[in-house]
Amino acid sequence: MFTVEELVQYAKNTGYIYQGSEIYGGLANTWDYGPLGSLLKLNIKKAWRQKFIQERIDNVLLDGPILLNNKVWEASGHVAGFSDPLIECKKCNQRFRVDKLIHDFDGTDSDGWSLEKLEKYVNDHKIKCPSCGAFEWNEIRAFHLMFQTYQGAVLDKANQVYLRPENAQNVFVSYKNVLRSSRKKIPFGIAHIGKAFRNEITPGNFIFRTREFEQMELEFFVKPGTEIEWFKYWKQFAMDWLVSLGLSKDNLRFDDHKPEALSHYSNATTDIQYRYPWGFDELWGIASRTDFDLTQHQNHSGEIMEYLDPETNEKYIPYCVEPSVGVERLVFAFLAEGLSIETLADGTTRDVLRIHPALAPYKVAVLPLSRRDLSSKAEEVYHLLSKHFDAVYDETQNIGRRYRRQDQIGTPYAVTIDYDTLEDNMVTVRERDTMAQVRLPISEVVDYISERIKF
Ligand code: ATP
């Protein structure tokens, strides 16, 4: 397992991820996804869309705005309650999330505790500042996590809006429109992919916790009374998706929330945790959200959110099960899981990213053995393949070095053009993991690769 620092270095050197605003000294906890990282993110979203929407009869996609009417956030409870408990050390002025401080101290899960209960726990257990060791805390206070900005020319209260802190509310406010226009019947789901913003107290651990991130959320609407069954279904579905894309079962686990730690709107919640370099931590939150959100929006907007069952004529506000995952936390997991340093038979080593071919930024590298004589044939092959896959062209340095470069960034196939190619129109196709090579007619390469990168 690599350390966070080693992964940061790898991501920077290869072109996966760089520090944001780097030439100005950076902006803390912002990251640029480079030529490889941006493709990896797209491929993760594509793989999610395929399994959660495309291959499903019951789910549809929605793409809503980041800025929503403030009443949405009043109804959802975010204006009043979307905060984390913040504690500040009097001596060194470092700030911490109290729930994380307590968890790091003795593993206690304090989700759902009042500020008073948290304060008592910190005092009773004499929990010290992890930064300077002092036991001199300021009073715990609720720190609001929503970003605010202004819409329009006047920067006053009337024009103040929030950047959405989650995608789910986009779905709830458009629920009726989607239901009407798609003519879906319960059970069905509305999926949403998009940025979310939270003014986190302690961002960090590379891309694990940032203030701007991207979520893939499914709000799955069900008949009341069936939600726990569906909750279990989506838990397993999400886990299976992760394993099918190459995360090992040993590095994944469910963390079921205890009844006293559930959010007020939830009757069952679990996190799928991944074994990050610092230990198991949340990758994917799966919550049974009852009818809380739709009921709140019905009460605040006056719009009836009830569903009329066409078969039984029953009327009810649907219950909702939500699997919600962050794209960046998946990027982290797939890079951490895939990267390895291997010793080869001849004693040399290679860095190889054994990432699932469906996620690999480039599916194929096109490599002419000689720049002088073979580049025009190789460009022809590149243009043929790039109509089907993201491909990369590389003609610098010896072929061994070029294979290593592709192994390092996870390209599953490399196609080499040599002098014989000019005569017989055949190329050598090398596979990343086994390093096995086959010789194929150029006309067969697209099918050969397509067959092997399927997800
Ligand atoms: P945490 O307990 O880590 O703060 P959360 O329980 O508040 O997370 P959710 O509100 O359940 O997170 O969000 C759903 C998913 O969105 C998370 O499982 C995670 O993958 C992602 N996510 C949430 N906050 C962040 C963040 N600050 N940076 C990156 N991804 C995030």
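Here are some questions and answers about how the features of this predicted model get their labels.

Q: What does the chain look like overall, and how many helices and strands does it have?
A: The predicted chain has 14 helices and 23 strands. Its C-alpha trace spans about 75 × 65 × 50 Å along the principal axes. Of its 455 residues, 51% are buried. Among contacts with a separation of 6 or more, 65% are between residues 24 or more positions apart.

Q: Why is Thr270 called buried?
A: Buried means under 20% relative accessible area. Thr270 has 0% relative accessibility, so Thr270 counts as buried. You can find Thr270 in strand β12, which covers residues 268–276. Leaving out residues up to four places away in sequence, Thr270 touches several others, including Phe231, Phe254, Trp284 and Ile286.

Q: What makes the pair Thr270 and Asp256 a polar contact?
A: The cut-off for a pair of N or O atoms is 3.5 Å. The side chains of Thr270 and Asp256 are joined at 2.6 Å, so the distance is within that cut-off.

Q: Why is Ser21 called partly exposed?
A: Partly exposed lies in between buried, under 20%, and exposed, over 50%. Ser21 has 40% relative accessibility, so Ser21 counts as partly exposed. Ser21 is in the loop between β1 (17–19) and β2 (31–33). Ser21 also has a positive phi of about 55°, although it is not a glycine.

Q: Where does Met435 lie, and what makes it partly exposed?
A: Look in the loop between β22 (426–431) and β23 (437–441) for Met435. Its relative accessible area is 28%, so Met435 is partly exposed. Met435 is not a glycine, but has a positive phi of about 65°.

Q: Which residues does the cis peptide bond join?
A: The bond joins Ile186 and Pro187, with omega about 5°. Pro187 is in the loop between α7 (168–182) and β9 (188–197).

Q: How do you know that Lys45 and Glu214 form a salt bridge?
A: A salt bridge needs a side-chain nitrogen of Lys or Arg within 4 Å of a carboxyl oxygen of Asp or Glu. For Lys45 and Glu214 the N to O distance is 2.9 Å, so the pair meets the rule. Both Lys45 and Glu214 are buried.

Q: How many salt bridges does the rule count, and why does the pair Lys45 and Glu214 tie together separate parts of the sequence?
A: The count comes to 32 salt bridges. Lys45 lies in helix α2 (residues 35–54) and Glu214 in strand β10 (residues 212–222), so this pair ties together parts that are 169 residues apart in sequence.

Q: What makes Arg350 and Asp407 a salt bridge, and why are Arg350 and Asp407 called buried?
A: The N to O distance for Arg350 and Asp407 is 2.9 Å, so the pair is within the 4 Å cut-off. Arg350 lies in strand β18 (residues 349–353) and Asp407 in helix α12 (residues 399–409), so the two tie together parts that are 57 residues apart in sequence. Arg350 has a relative accessible area of 1%, so Arg350 is buried. Asp407, at 0% relative accessibility, counts as buried too. Arg350 and Asp407 belong to a network of salt bridges, which also links residues including Glu342, Arg404 and Arg430.

Q: Why is Arg372 called exposed, and why is Asp373 called partly exposed?
A: Exposed means over 50% relative accessible area. Arg372 has 73% relative accessibility, so Arg372 counts as exposed. Asp373 has a relative accessible area of 32%, so Asp373 is partly exposed. Arg372 and Asp373 form a salt bridge, with their closest N and O atoms 3.3 Å apart.

Q: What is the count of salt bridges between domain 1 and domain 2?
A: The count is 1 salt bridge. The side chains of Glu200 and Arg97 meet in a salt bridge at 3.8 Å, N to O, so that pair is within the 4 Å cut-off. Domain 1 and domain 2 bury about 770 Å² between them, with 54% of it on carbon and sulfur atoms. On the domain 1 side, Ile201, Thr202 and Ala261 lose the most area to domain 2, together 57% of what that side buries.

How values were computed:
Residues numbered from 1 in each chain as written. Predicted model: local features only at pLDDT ≥ 70, side-chain atom pairs only at ≥ 80, totals over all residues. Heavy atoms only, no water. Buried area = accessible area lost by both parts, 1.4 Å probe. Helix = DSSP H or I, 4+ residues; strand = E, 2+ residues; numbered from the N terminus. Buried < 20%, exposed > 50% of the residue type's maximum accessible area, 1.4 Å probe, protein only. Polar contact = N/O pair within 3.5 Å; in protein donor to acceptor, adjacent residues only side chain to side chain. Contact = heavy atoms within 4.5 Å.
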